[in-house]
Amino acid sequence: KTNVFCVGELLIDFVAENQGNDLSKATMFSKKAGGAPANVACAIAKLGGKSSFIGCVGNDPFGAFLLDTIKNEGVDISMVQRSETFTTLAFVSIAQDGERDFVFSRGADIELTYDSGVKKEMAKNIVHFGAATALLGGNLEETYSHFLFDSLCCDVFISFDPNFRGDLWKNNETTFIKKCLPYIEKSHLCKFSLEEAQLLSGKESIEEACSALHEMGATIITITLGKEGTFLSTTSNQITVQSIEVNPVDTTGAGDAFIGCLLYQISCLDHPSQVVDDFDHLKYMVEVANKAGALTTTNFGAIVSLPTQEQLKLS
Ligand code: ATP
């Protein structure tokens, strides 16, 4: 079975219970497992696929909670590193003006080191780079480069989601764009939001943005558009794939469920790179992945609301 290695951050999101307050006023927080690449690993495992999470958490109770959470979903955690630095924490609240108030306390995730032994295991499998904090510097960024470099040498299907967080890159977007370029160039599959596609390409319209991103080297591009579905683009075909109708209550993690479900389907092929040459099949896979994204919005929480195979079939 093809394994999907999801590399990057796993952290605690402390979400303010009394929304409508900024963080200076919030008094109660609930502890949630967070981190886009870890969510993707959970989405794959929950659908019955094989996924490994590779990242670093603290040797503290928060690290233990995070590892328990993703292990319970069926994710392989044997490559996770533990550090004496505290587990990375994010505090989030939606303030009265609707803006996200955000405090980020970067801890262990930055310390992930590269173990070249992983190269043998990655060969012919899938590696998903769920960037987010990984491009902010430190050991993790260097480890990312090693993963990318070694992926190129051993027939790995490469997937990239930049997970741009405006909060973390204020006035520094140019650096962010520059750091994404090698991943866009080398990836077989890129997942962007519309904002990311526009930022990275410098183009307003979705078609022009995709053309520019293909010129930068991207092979398959998916641009998630919330309830409008997903724009799918290859160098020879472009189409908007509709989603299903749902009543969303919490959109957190919809993008991770989408890319997780798409990667799960790709991992079921005889060889992942087959997907590049069969646009009709790819379109069908995106339709299924849209469903996974949509279903995730119908419940609270990123991980608990990820769909199972059964739920995908019923919808
Ligand atoms: P995130 O903020 O979690 O990273 P994202 O912005 O990348 O998410 P979205 O576009 O919100 O991702 O959602 C991913 C996919 O899930 C969409 O492409 C769509 O197919 C589906 N989806 C999300 N929200 C809805 C909705 N309200 N109705 C129907 N489908 C939805």
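Predicted model: local features only at pLDDT ≥ 70, side-chain atom pairs only at ≥ 80, totals over all residues.
When I speak of a polar contact, I mean a pair of N or O atoms within 3.5 Å.

Lys191 brings a polar side-chain atom to 2.5 Å from an oxygen atom of the ligand, and at Gly226 it is a backbone N or O atom that lies 2.7 Å from a ligand oxygen. Gly255 also uses a backbone N or O atom, which in this case sits 3.2 Å from an oxygen atom of the ligand. The ligand taken alone exposes 610 Å², and the protein buries 82% of that.

Stepping back to the whole shell, 19 residues surround the ligand, the closest being Lys191, Gly226, Thr230, Ser243 and Asn290.

Ala132, with phi near 50°, is found in the loop between strand 9 (126-129) and helix 4 (138-153). Asn171, whose phi is about 60°, lies in the loop that runs between strand 10 (157-160) and helix 5 (173-186).

Are these two residues buried or exposed? Ala132 has a relative accessible area of 2%, and since the cut-off for buried is under 20%, it counts as buried. Asn171, at 77% relative accessibility, is over the 50% cut-off and therefore counts as exposed.

Technical notes
Residues numbered from 1 in each chain as written. Heavy atoms only, no water. Helix = DSSP H or I, 4+ residues; strand = E, 2+ residues; numbered from the N terminus. Buried < 20%, exposed > 50% of the residue type's maximum accessible area, 1.4 Å probe, protein only. Near = heavy atom within 4 Å. Polar contact = N/O pair within 3.5 Å; in protein donor to acceptor, adjacent residues only side chain to side chain. Areas by Shrake-Rupley, 256 points an atom, 1.4 Å probe, with all protein chains shown as cover.
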